[in-house]
Amino acid sequence: MSLPGCAAGTLHPVRSPRPYSPQASPGAQSLTERRKAATQLDIARAACELFAEHGPDGTTAEDIAHRAGVALRTFYRYFRNKQEAVAPLLAGGGDAWRALLAEEDPGTPLAEALERAVTRSLSEMQAVEEGLEVTRGLLRAAAGDQALRAVWYRVNQDSEEHLVPVIARLAGPDTDPLEVRLLAAAATDAIRVALELWSTTDAPVSGPGSPAELAVRCLRGLTGAMPLLR
């Protein structure tokens, strides 16, 4: 889902060209851009698989490039290190749920719109379920790798920033920007916390204990007192 860094000690996040930033819609992309995005996703999938199988310490950039079927120089054209490579796949989950929220009509009760978008993004289609399992393996691998966790946190921060205008449009032009920002932060953290908790368990991808169920619980807990949802 997107499903969505700093090394040990005092190192700070390594800034890449942000390959995981939301892309333009497919219809607005050139063939070259679409091929670039496809290559990045292939590399991201390979990285996620290898991290889940062997852990970050047991995986090299060479391993990821080989699994993705690209040259090592192609890998480094897009990513500065192996942890950065997972970002496009993680960001896809955030892109998908924001797109579902954007489908809601302005004036729709925000609590209802948020819960519907979150539930749909985490529970529909086999592809979502497969993506959640990839995310679970990745988050388990990230538990012992600070650089990988930093990529996860940064992807969530980016998602929060891109969520602000979506919520602002639904809330209306007269809404306090502070309330919009707080709601964007709470909604993003609700999904993040739900996925992190779920990844530590063997709970299924649907039903009790699933990401969708946990995310709705987190969302209600974090936003219940917010004036914007009353």
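Predicted model: local features only at pLDDT ≥ 70, side-chain atom pairs only at ≥ 80, totals over all residues.
Figure 1. Residues are numbered from 1 along each chain as its sequence is written, and side-chain values use heavy atoms, with hydrogens and water left out. Of the 230 residues, 47% count as buried; buried means under 20% relative accessible area, exposed means over 50%, and partly exposed lies in between (1.4 Å probe, protein chains only). The protein exposes about 11,300 Å², and carbon and sulfur atoms supply 55% of that area (Shrake-Rupley method, 1.4 Å probe; for residues, only the protein chains shown count as cover).

**Figure 2. The buried side of helix α2.** Which residues of α2 are buried? In this helix, residues 61–68, they are Ala61, Ile64, Ala65 and Ala68. They lie on the same side of α2 because they cover an arc of only 95 degrees around the axis; the arc is that of the directions from the helix axis to the C-beta atoms. Just after α2, Gly69 takes a positive phi of about 75 degrees.

**Figure 3. Lys82 and its neighbours.** Look for Lys82 in the loop between α3 and α4. Its side chain reaches the backbone oxygen of Thr59 at 2.8 Å. Leaving aside neighbours within four places in sequence, Lys82 is in contact (heavy atoms within 4.5 Å) with Phe51, Pro56, Asp57, Thr59, Ala61, Ile64 and Phe75. Lys82 and Pro56 are 26 residues apart in sequence, and their C-alpha atoms are 8.2 Å apart in space.

Figure 4. How many aromatic pairs does the structure hold? There are three; rings of Phe, Tyr and Trp (its six-membered ring) pair if their centres lie within 6.5 Å, with planes under 30 degrees apart called stacked, over 60 edge-to-face and the rest tilted. Phe75 and Tyr76 form an edge-to-face pair, 5.1 Å centre to centre with 85 degrees between the planes. Phe75 and Phe79 form a tilted pair, 5.7 Å centre to centre with 50 degrees between the planes. Both Phe75 and Phe79 are buried. Phe75 has a relative accessible area of 0%, whereas Tyr76, at 43%, counts as partly exposed. Phe75, Tyr76, Tyr78 and Phe79 form one aromatic cluster.

**Figure 5. Two buried glutamates.** Is Glu104 buried or exposed? Glu104 counts as buried because its relative accessibility is 10%. You will find Glu104 in the loop between α4 (87–102) and α5 (110–123). The side chain of Glu104 makes a polar contact with the side chain of Arg116 at 2.7 Å; such a contact is a pair of N or O atoms within 3.5 Å, where within protein one must be able to donate a hydrogen and the other to accept it, and residues adjacent in sequence count only if both atoms are side-chain atoms. Not counting residues up to four places away in sequence, Glu104 touches Ala113, Arg116, Arg169 and Leu170. Now turn to Glu160, which lies in helix α7 (residues 146–171). Glu160 is buried, with a relative accessible area of 11%. Apart from neighbours within four places in sequence, Glu160 is in contact with Arg181, Ala184, Ala185 and Thr188.

**Figure 6. A charge over a ring.** The charged end of Arg136 sits over the ring of Trp198, 3.8 Å from the ring centre. To count, NZ of Lys or CZ of Arg must be within 6 Å of the ring centre and within 35 degrees of the ring normal.

Figure 7. Gly221 lies in helix α9 (residues 211–223). At 64% relative accessibility, Gly221 counts as exposed.

Conventions:
Helix = DSSP H or I, 4+ residues; strand = E, 2+ residues; numbered from the N terminus.
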